[in-house]
Amino acid sequence: MLDKTLAELAQGLAAGEFSSTELTQSYLDRIKAEDGALNSFITVTEEQALSQAQAADQRRAAGDAGPFTGLPIAHKDIFCTEGVRTSCGSRMLDNFISPYNATVIENFNRAGAVSLGKTNMDEFAMGSSNESSFYGPARNPWNTECVPGGSSGGSAAAIAGGLVPGATGTDTGGSIRQPAALCGITGLKPTYGRVSRYGMIAYASSLDQGGPMARTAEDTAIMLNVMAGFDPKDSTSIDKAVPDYTLTLNDSLKGLKIGLPKEYFSDEIDPQITAQVQAAIKEFEALGATVKEVSLPNSHLAIPAYYIIAPAEASSNLSRFDGVRYGYRCNDPVDLEDMYKRSRGEGFGEEVKRRIMVGTYALSEGFYDAYYKKALQIRRLIQQDFVNVLTEVDIIMGPTTPHPAFKLGEKTSDPVAMYMEDIFTISLNLAGMPGMSIPCGFANGLPVGLQLIGNYFAEQRLLNAAHQFQQATEWHRQTPAR
Ligand code: GLN
């Protein structure tokens with residue numbers, strides 16, 4: 001029962017093959033036995049999970065079960081969860097028990113989901129390898145000497161390692177898609193505004209977006225059905241009807257127009273990745289799609305623009321962590337200033353401090369026009385590139401990452417080398433468009449991800465294309481040796 005997808009587990013629960021309590025207990029046992037090697041969870045909420053499972057079983061017995069009732073998942077530790085520590089991977093929030101639920105958590109609770117716990121992540125979602133977590137890195141189940149990617153690395157590692165069938169993530173510059181690619185699972189970053197950010201601890205508010213991670217496109221569709229929707233508590237949430245994302249999964253791909261940006265197929269990419277991605281595109285052609293070369297001429301500017309905009313927003317968002325209201329406070333401060341300085345100095349890790357410094361500098365008087373304003377202008381050009389190309393084609397495809405998973409420690413001393421791992425994912429957050437990563441092969445025994453990019457609110461189309469690919473291939477069914 002533990003190797004089934006969410007869709008299969010839902011069937012099993014509905015058919016009475018097992019109860020949610022049995023299912024939940026089996027997952028909890030597996031986490032206990034195996035997460036020592038992966039470190040994919042920061043907090044396992046055993047008691048709460050079992051009581052949610054019991055409630056789900058009762059609801060089912062009463063004939064009141066919905067499609068998600070009794071299904072176990074986990075949440076990235078960035079989503080505020082009432083009564084549960086919500087650390088955001090930081091010492092700053094190590095002692096923070098959230099007094100309220102994020103809207104995403106509320107939505108899953110209402111659907112009757114069971115939460116097994118909170119997953120590991122880069123500190124405040126800043127990173128591409130999970131190594132900036134205060135709780136130590138999560139590890140890649142395909143090779144535990146390698147990183148699982150980041151920042152939603154705990155969610156990806158837990159799913160790939162079979163410790164949970166689905167989990168939430170957040171994506172500011174690639175943090176759902178990049179770990180999904182590196183761990184060989186499926187991840188979807190929705191259109192900005194599709195999933196509420198209320199209660200999702202802010203990194204860079206104009207880029208942050210929550211989304212589902214699971215083994216299959218069908219499972220991410222089932223999760224997105226629960227997650228998506230208008231939320232009056234989030235001022236950037238969009239009031240637009242949510243379709244049932246599972247209804248269009250089986251539409252034909254005949255005539256689907258795929259664009260391949262020439263900038264995404266350069267020699268700096270691992271040739272094995274390029275080969276796997278090209279083979280996947282052939283598969284789409286066999287399913288009836290047509291392919292043409294397109295160009296996103298400003299894509300090389302995405303990383304520099306992002307590393308002004310994201311730190312600028314972070315420096316403002318993270319100013320709330322001052323040792324006064326909640327979170328970490330240093331011992332024995334001599335005065336107020338000492339308390340601010342030491343609480344922040346001791347509570348934040350190195351990467352977070354680097355971003356706060358860069359962001360504060362970029363926003364300071366005299367530099368604002370040269371850096372921040374310029375970055376916003378580039379952001380608009382990048383968005384325009386996507387808008388132009390997506391009038392000619394339905395979906396843009398390419399590799400999710402330039403390389404497969406790298407070794408722990410390999411890039412920690414070179415932040416720019418780390419930032420370059422997001423070269424294909426970051427531009428989409430600047431544009432606000434949806435994107436997915438699905439498994440499409442292996443390079444040296446490590447998973448390779450194919451990225452699918454669509455126009456605003458084209459989640460149905462992405463999920464449909466991904467599902468059809470997964471009906472025709474077996475890559476998403478591969479699991480690491482256990
Ligand atoms: N790796 C990128 C960063 O460090 C993106 C992270 C994310 O999407 N949260 O900012």
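**Close-up views of the ligand site, cavities, pocket and backbone**

The space taken by the ligand is the largest cavity of this structure, which is a predicted model.

Figure 1. The ligand is surrounded by 15 residues. The closest of these are G173, S175, Y203, Y306 and D422. Sorted by class, the shell around the ligand consists of 5 nonpolar, 7 polar and 3 charged residues.

Figure 2. At G173, a backbone N or O atom lies 2.6 Å from an oxygen atom of the ligand. A polar backbone atom of T172 is 2.8 Å from an oxygen atom of the ligand. From the side chain of Y307, an N or O atom is 3.4 Å from an oxygen atom of the ligand. Taken alone, the ligand exposes 290 Å², and the protein buries 100% of that area.

**Figure 3. The largest cavity.** A search of the whole structure finds 2 cavities of 30 Å³ or more. The largest cavity, whose space is taken by the ligand, has a volume of about 100 Å³. Its lining is made up of 16 residues, and those nearest the centre of the cavity are A125, G127, S175, Y306 and D422. S175, Y306 and D422 are also among the residues closest to the ligand. By class, the lining of the largest cavity comprises 6 nonpolar, 8 polar and 2 charged residues.

**Figure 4. The second largest cavity.** This cavity has a volume of about 40 Å³. The residues W142, I159, A160, C183, G184, I185, R215, Q478, T479 and P480 line the second largest cavity. Divided by class, its lining has 6 nonpolar, 3 polar and 1 charged residues.

**Figure 5. The largest pocket.** The largest pocket holds about 380 Å³ of space. It is lined by 20 residues, with A7, E8, E218, I222 and T246 closest to its centre. Three helices, α1 (6-14), α7 (217-227) and α15 (459-472), each supply at least two residues of this lining. The classes represented in the lining of the largest pocket are 7 nonpolar, 9 polar and 4 charged residues.

**Figure 6. A cis peptide bond at S151.** Most peptide bonds are trans. The bond from G150 to S151, in contrast, is cis, with omega near 5°. S151 is located in the loop between β3 (114-119) and α5 (153-160).

**Figure 7. A positive phi at F124.** Most residues other than glycine have a negative phi. F124 is not a glycine, yet its phi is positive, at about 50°.

Notes
Residues are numbered from 1 along each chain as its sequence is written. This is a predicted model: local features need pLDDT of at least 70, side-chain atom pairs count only at pLDDT 80 or more; totals for chains, interfaces and linings use all residues. Side-chain values use heavy atoms; hydrogens and water are left out. A residue is near a molecule or strand if one of its heavy atoms lies within 4 Å of it. A polar contact is a pair of N or O atoms within 3.5 Å; within protein, one must be able to donate a hydrogen and the other to accept it, and residues adjacent in sequence count only if both atoms are side-chain atoms. Accessible areas come from the Shrake-Rupley method with a 1.4 Å probe; for residues, only the protein chains shown count as cover. On a 1 Å grid over the protein atoms alone, a cavity is a set of points where a 1.4 Å probe fits but cannot get out, and a pocket is an open set with protein on both sides within 12 Å along at least five of seven lines; lining residues have an atom within 4 Å of a point. A molecule sits in a cavity or pocket if more than half of its atoms lie within 2 Å of its grid points. Ala, Val, Leu, Ile, Met, Phe, Trp, Tyr, Cys and Pro count as nonpolar, Asp, Glu, Lys and Arg as charged, and the others, Gly among them, as polar. Grid points are joined across faces, edges and corners, and a volume is the space filled by probe spheres set on the points. Helices (H or I, at least four residues) and strands (E, at least two) are DSSP runs, numbered from the N terminus.
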